[in-house]
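Dear colleague,

Please find below the structure that I am handing over to you. My notes on what was found in it follow directly after.

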Amino acid sequence: MVQARTEAKPIVNRTQAQVWLRQMMLIRRFEERAEMMYQKGNKIGGFFHQYSGQEPVAVGSIGVLRENDYIITAYRDHGHALARGMSAKAGMAELLGKSTGCSKGKGGSMHFFDVEKGFLGGHAIVGSHIPLAAGVAFASKYRGEDRVCVCYFGDGAINQGSVHEALNMAAMWKLPVVYIVENNLYAMGTSLARSSAVEDLTVRGAVPYGIPAYSINGNDIELMAQTTRDAVNRARAGEGPSFIDAKTYRYKGHSISDPGKYRHKEELDDALRNDPILKYQELLRERGWIDQEAIDRMAEGVKQEIEESIEFAESSEPPPLDALYEDITTAPFIPQE
Amino acid sequence: MAVLTFREALNQAMQEEMERDQNVFLMGEEVAEYDGAYKVSQGLLKKFGPRRIVDTPISEGGFAGIGIGAAMVGLRPIVEFMTFSFSLVAIDQIVNNAANMRYMSGGQFAVPIVFRGSSGMAGCLAATHSHRLEAWYAQIPGLTVVMPATPSDAKGLLKSAIRTDDPVVFIEHEVLYHERGEVPEGEHLVPIGKAEIKREGTDVTLITYSRSLKATLAAAEALADQGVQAEVIDLRTIRPLDLDTLLTSVVKTHRAVIVEEDWPYCGLGAGISDRITQRVFDELDAPIRRVAAKDAPIPYNKALEQSMLPSVDRITAAVRDVLYL
Amino acid sequence: MPIEVTMPKLSPTMETGVIAQWLVKVGDPVKEGDPLADIETDKATMQMKSYDDGVIALLDHVAGDEVALGQRVLVLAKKGEDPKAVAQAMGAAGAAKAAAKASSAAAEGHTSGNGKRPDPAVSVAAAEPAAVAVGGRVKSTPLARKIAAASAIDVARVPGTGPGGRVIRKDVEAFLAAKPAAAPAATSAPSSRTSVRIPHTRMRKTIAQRMLAAKQAAPEIHVSIEPRVDRLVAAREELNRRLARENIKLSLGDFVTKAVAMALRLHPALNASFEPDAIVRHGNVNLGIAVALDEGLIVPVLHNADQLGLREIRLQSEALAKAARSGTLTGEQLTGGTFTISNLGMFGTRQFDAILNLPEVAILAVGAAERRPVVEGNQIVPGTVMNLNLTADHRAVDGATAAVFLQALKGMLEEPAAMLL
């Protein structure tokens, strides 16, 4: 089981560490309250995938990026968006389908976007965004820039053809892209063992294309950050893509309708005991970078922020009905009716 | 005015646009070292180098997606499918990512990309390599679909397509590549979304596009010998449809025949016919007729393939039918 | 040998028939007596029936085609014969036209199961599946309806020349061109009262041809008489009171019919036909009763009218008029007349001439019964009088013969009891 410990020396200063801890707590709280809004308030519809348990992967990796780098991910995208600095208000409003949402209520849970933050989306067709990431990196290289694209996907995506097409071209053209597999062991309800001939994903996703691979505990936030930094530096230096197999665990089912019966209770209990947020709090206390009182204050602040986001989302206007035809094309859109 | 082949006109359009805008680049199978499977990109590698003329492996889904990703952050890729038949393996990218991106992101991301390549029944290519997918793409809100029929339109429309900030599906026809025609030099832009009346007439409106324009014009000449003046409209842009031009003509002639290489059922003509009927039902003196490909996979045998195509005979028969002759 | 079925004679005067609707299609098995088609004759729409068993191999015509008597309309394959082979062997001449009409449909890929172009005979049925909507709604194009509506004409009045009788723009324009400028239908279109051109219907053609022929062939004389019908009116009221329970109401016309029938029995010279070499005095008294229709005129026949009571005359006349208006008169109801009565009394017409219904030798024009001053003794008193105007073919009937007949008729109408003699 994945352990959220770090043996490495601190790679961040105290302030940065506190920011990361708060981000992880914010993501956790966002998902808890969004689930409540979904189940209790019937305010959220459609597919809804929670990030709880995987927070260190997004926060640790995004935490080492520059402001002008790019991020693109799959449909379990709330955590990455918040880690990248999207406001909880814009995220919650999107879940409620409001015009103030990060995609004006047209994307929903699976399609968060924030052009200002270089957040190129949640993408809901498994594997479909992997080539996009290579394309973004292609543009960066084409222009001679040192901007990097970090692309997240789940362990299930490794079985899609487009992933391998993109990995091949990214490697061949030495594109500045970092691929991070959030290996939470389950592709929906199918475990890795039941879907992959070789369980080591680096063997499938990196070795064939000559891409340097890292297989790490993704729930160790500082290890995650350190590994990503290495990969990003490689990319900026023009040495091409890297492949990070970040082992993690999702607490909830695949989506809101999934009771998770395909895994043992002990497995989940074990993960919860090693909750990465609790472990990081513990570590920071040990380092003397934070005390319990500050953590409690932080938790209160996070709660407050999420409550405000709910308030904001609920009081926001839904998109007007004629927004149906807006944002389809840049040219004036002519409905072919 | 210079007389160019269709492929030279396309080549000229790409060359001029790449010279004009550093963000424009060409990517696809055999576009560079091979000089183009159909020689549309001939000479471009030499002129622009491998940074902007990019050979890809046989990974249509992959390089279509790479093009889209690059477009999302400001480049203006021209992605060549060796034939549009191969776009079928990239259709997820074209539909889910290129067409939807702007909408899903609430208008935050545009995808200024051109997917172009040959298509259609080009002779003995059989079922997998002869697809006509215009109706598939024309159905998708977010895509612009263009199908030129003449060298001049090929150049003017491709230049306009490259400058469009939305994804354009630019479908060429393989049998047209060697067609010659006068092509204006330099800044020749044909507007997207505008059909052109290629022949004026009063008795019946013939609506067509791409390769079928030729047979349709020939049919119009044959009909003229029989005293029937057919108006021939070349759609040029499939989506958005230039409905105004069609309606103006149909209101004048009261009859329409749609000529298409597409399959009949749910084919492009079905959608066009529906839109005309909705608007000007009371102007019609006969049901709209369609002359489409036969409803069968495309055979290898040349005579069988030929029998599927809209022919002068089939077009004139349909016209006589709507004229009650 | 396959059976070639030809256009039958379904009316005594028809020379051509129009196939209004096919009731069979190629491949259908038929038995003797099965209906094959509705045929529009000069008089009515009749069913054409099969005289044989077999399978329809070939239809030579499509609905709407006009076919001369005796010309082949279809081919029936007999038991043991392959209808397709029969169609191929016998199709050439007759099928040419049908094939031409079907060719565009065939070209559009109405292919049969074997992937070949359908043979022309088969595609007749395929190309014209709806045939003609007889008695149903009028088929017309949207544009035709729009023009018709703008000109305030009922598209149903416009003869259609499109597929299956569809009214197309050309038809409406032709109709408008032929329409008289002051036609009442145009009143709602004040801006421009256009003329309408109404192509001849088959009935109109027949009327024109037969009226002209009568005027040209027969030197006619007109003899009239004016019976006073006060007693007849009284008798009618009395009888109608009795018949009220049966919901029957006798008209004055019914009494005229009865009287004419009885008078003809007494004067057989008027119940006759003129033939080139002889005058045929008919044994039966079969009275043709002219019925006005919107589109013309038709004369169904009341057989053996002299043997019918007034009640029967009323019921049968009513049935005939109804059948005439719905176009369902049978051949028998249209043939065998020996004398014709034309009555315009219901329109208030006092007096008019009728034209002979050849080869009958006489026709009676009946005017309205009206109250007039009449001389009774030396006094002028109010009385009810009607005008009867007989047209007779002088080749067969002399003036005195006609006058004597009218005198007898007058006697019966003035003294209704005389009809009982």
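How many residues of chain A are in contact with chain B, and how many of chain B with chain A? On the side of chain A there are 42 residues in contact, and these meet 48 residues of chain B. Please bear in mind that this is a predicted model.

**Chain A and chain B**

The area buried between chain A and chain B is about 3,700 Å², and carbon and sulfur atoms give 63% of this area. Within chain A, the residues that lose the most area to chain B are Tyr142(A), Thr330(A) and Gln336(A), which together make up 20% of what that side buries. Between chain A and chain B there are zero salt bridges, but 23 residue pairs are in polar contact, both residues being at pLDDT 80 or more. Three elements of chain A give two or more residues to the side that touches chain B: β2 (119–122), α5 (130–142) and α6 (161–172). Of that side, the largest share comes from α5(A), with eight residues.

**Chain C and chain B**

Chain C also touches chain B: 15 residues of chain C are in contact with 17 residues of chain B. The two chains bury about 1,300 Å² between them, with 51% of that area on carbon and sulfur atoms. One salt bridge is found across this interface. Its partners are the side chains of Lys146(C) and Glu283(B), at 2.1 Å from N to O. The most is given by α4(C), with five residues.

**Chain C on its own**

Chain C holds eleven helices and 20 strands. It has 421 residues, of which 46% count as buried. Its accessible surface comes to about 20,600 Å², and 54% of this belongs to carbon and sulfur atoms. Among the contacts in chain C with a separation of 6 or more, 60% are between residues 24 or more positions apart.

One hairpin of chain C may also be of interest. Strands β18 (residues 370–376) and β19 (residues 379–385) of chain C run antiparallel and are joined by seven bridges. Glu370(C) has Val385(C), in β19(C), as its bridge partner. Two residues lie between the strands, and Gly377(C) takes a positive phi near 65° in this hairpin.

With kind regards

Note on methods: Residues are numbered from 1 along each chain as its sequence is written. Chains are lettered from A and ligands numbered from 1 in the order in which they are written. This is a predicted model: local features need pLDDT of at least 70, side-chain atom pairs count only at pLDDT 80 or more; totals for chains, interfaces and linings use all residues. Side-chain values use heavy atoms; hydrogens and water are left out. Two strands pair if DSSP finds at least two bridges between them. Helices (H or I, at least four residues) and strands (E, at least two) are DSSP runs, numbered from the N terminus. Buried means under 20% relative accessible area, exposed over 50%, partly exposed in between (1.4 Å probe, protein chains only). Contact means heavy atoms within 4.5 Å. Accessible areas come from the Shrake-Rupley method with a 1.4 Å probe; for residues, only the protein chains shown count as cover. Buried area is the accessible area (1.4 Å probe) that two parts lose on being put together, summed over both. A salt bridge is a side-chain nitrogen of Lys or Arg within 4 Å of a carboxyl oxygen of Asp or Glu. A polar contact is a pair of N or O atoms within 3.5 Å; within protein, one must be able to donate a hydrogen and the other to accept it, and residues adjacent in sequence count only if both atoms are side-chain atoms.
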